[in-house]
Amino acid sequence: MAKVIAFHSSRGGTGKTLIASNLAFIIAKRGRDVALLDLDFRAPSLATVFGVDEARKYWMNDLLDGRCRVGEVLVDLTDRYETRGRLLIGPADPRMEAMSRAARRDRRWQTRALRRLLAMRDELDDRLGSELILLDTSPGVEYSSVNAIVGSDLSILVSTMDLLDLEGAQRMIRDLYRVFERRVMVLINKAVPHELSSDEGRRRLLQELAERFTVPLLAIIPCYCDILLSSRSTLFALNHPDHPFSRALGEIAKRLEGA
Ligand SMILES: Nc1ncnc2c1ncn2[C@@H]1O[C@H](COP(=O)(O)OP(=O)(O)O)[C@@H](O)[C@H]1O
Ligand SMILES: [Mg+2]
């Protein structure tokens with residue numbers, strides 16, 4: 001049975017897309033079959049990250065509208081990245097019109113979309129043989145992210161050490177994950193290197209996180225200027241496989257495969 005993992009956060013910009021896309025590549029490189037789907041319809045990113053042609057016929061939006069099957073949306077990147085496992089990407093429509101249409105979806109549509117999301121999970125599992133399905137979601141508590149959380153086995157709540165992100169994450173664990181009784185782990189991203197440079201700094205950081213969060217801490221990833229300096233037109237872990245960022249994701253991949 002395929003395992004579904006959603007990447008979520010209280011606010012945008014915490015690193016969900018960067019982490020989910022590089023992790024999908026690393027998991028496929030390690031030999032697992034993985035599908036990465038864009039459910040952030042208001043700020044779609046995967047089409048840009050993976051250079052998908054805008055002239056294509058179907059997007060994740062069409063799948064949740066019931067206009068196509070999952071196989072018609074997926075882009076197979078296994079050969080491009082020469083991964084041992086199969087790497088499939090489901091991009092959301094990055095065009096303006098699609099983004100504003102997504103913002104107008106009502107509750108009835110969202111209910112149908114949840115049913116289609118669950119059916120898609122079965123199809124990816126049964127027919128396409130994906131072992132792991134990663135969902136790149138929109139931040140906050142809008143319907144599409146709640147759908148993604150409800151349709152997942154595990155959510156990874158990505159937060160920076162910014163107070164607004166931390167308090168937002170705490171609130172979501174209390175008011176959303178507990179209510180739906182969903183499994184969640186916290187991933188701290190963009191930690192400031194000085195917090196991690198000494199044993200004392202690291203101890204203080206872990207203590208603060210333990211006081212804030214009762215759910216498990218998956219990892220702490222530092223902020224790396226190299227990432228900001230590198231072009232987004234390629235996957236960071238592809239060009240920098242031995243960088244500490246890529247190695248940290250390699251450790252996360254191992255944990256998620258066994259989780
Ligand atoms: N650990 C990190 N170090 C440096 N820059 C990072 C790190 N994680 C994410 N970023 C950068 O932060 C920005 C927001 O990341 P993104 O993945 O688009 O966030 P989200 O999908 O949560 O909105 C991007 O420019 C990304 O490259
Ligand atoms: Mg994103």
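**Reading helix packing and nonpolar cores**

User: What covers the buried residues of H8?

Analyst: The cover of the buried residues of H8 includes strand S1 (3-8), H7, strand S5 (132-136), strand S6 (154-159) and helix H9 (163-177). Keep in mind that this is a predicted model.

User: How many residues of H8 are buried, and which are they?

Analyst: H8 is mostly covered, with 6 of its 8 residues buried. These are Ser-144, Ser-145, Val-146, Asn-147, Ala-148 and Ile-149.

User: H7 is part of that cover. At what angle do the axes of helix H7 and helix H8 cross?

Analyst: The axes of helix H7 (residues 107-126) and helix H8 (residues 143-150) cross at roughly 30° and come within 10 Å. Angles under 35 degrees count as roughly parallel, so H7 is roughly parallel to H8. The crossing in which H7 passes H8 is right-handed.

User: Which residues of H7 and H8 meet?

Analyst: On the H7 side they are Arg-107, Gln-110, Ala-113, Leu-114 and Leu-117; on the H8 side, Tyr-143, Ser-144, Asn-147, Ala-148 and Val-150.

User: How should I read a nonpolar core?

Analyst: In soluble globular proteins, nonpolar side chains tend to be buried together. Here the largest nonpolar core has 44 residues, and Phe-7, Phe-50, Ile-156, Phe-245 and Ile-252 touch the most other members. H1 gives the most to this core, with 9 residues. Another core, of 28 residues, lies apart from it; Val-73, Leu-88, Ala-113 and Ile-133 are among its members.

User: Is H1 mostly covered or mostly open, and what span does it reach?

Analyst: H1 is mostly covered: 13 of its 14 residues are buried. Helix H1 covers residues 16-29 and reaches 20 Å from its first C-alpha to its last, close to the 20 Å expected at 1.5 Å a residue. Gly-31 follows H1 and has a positive phi, near 105°.

User: What is Ile-156 in contact with, leaving aside its neighbours within four places in sequence?

Analyst: With those neighbours set aside, Ile-156 is in contact with Ile-5, Ala-6, Phe-7, His-8, Met-185, Leu-187, Leu-218 and Leu-256.

User: Why does Leu-218 count as buried, and where does it lie?

Analyst: Buried means under 20% relative accessible area, and Leu-218 counts as buried because its relative accessibility is 7%. Leu-218 lies in strand S8 (residues 217-222). Again leaving aside neighbours within four places in sequence, Leu-218 is in contact with Ile-156, Met-185, Val-186, Leu-187, Ile-252 and Arg-255.

User: What separates the C-alpha atoms of Leu-218 and Gly-85?

Analyst: Leu-218 and Gly-85 are 133 residues apart along the chain, and their C-alpha atoms are separated by 24 Å.

Key. Residues numbered from 1 in each chain as written. Chains lettered and ligands numbered in written order. Predicted model: local features only at pLDDT ≥ 70, side-chain atom pairs only at ≥ 80, totals over all residues. Heavy atoms only, no water. Helix = DSSP H or I, 4+ residues; strand = E, 2+ residues; numbered from the N terminus. Expected span 1.5 Å × (residues − 1). Buried < 20%, exposed > 50% of the residue type's maximum accessible area, 1.4 Å probe, protein only. Core = buried A, V, L, I, M, F, W, Y, C linked by side-chain atoms within 4.5 Å. Contact = heavy atoms within 4.5 Å. Axes fitted to C-alpha atoms, helices over the stretch in contact; angles between N-to-C directions. Parallel < 35°, antiparallel > 145°, perpendicular 65-115°, else oblique. Left-handed = near helix turned anticlockwise from the far one by under 90°.
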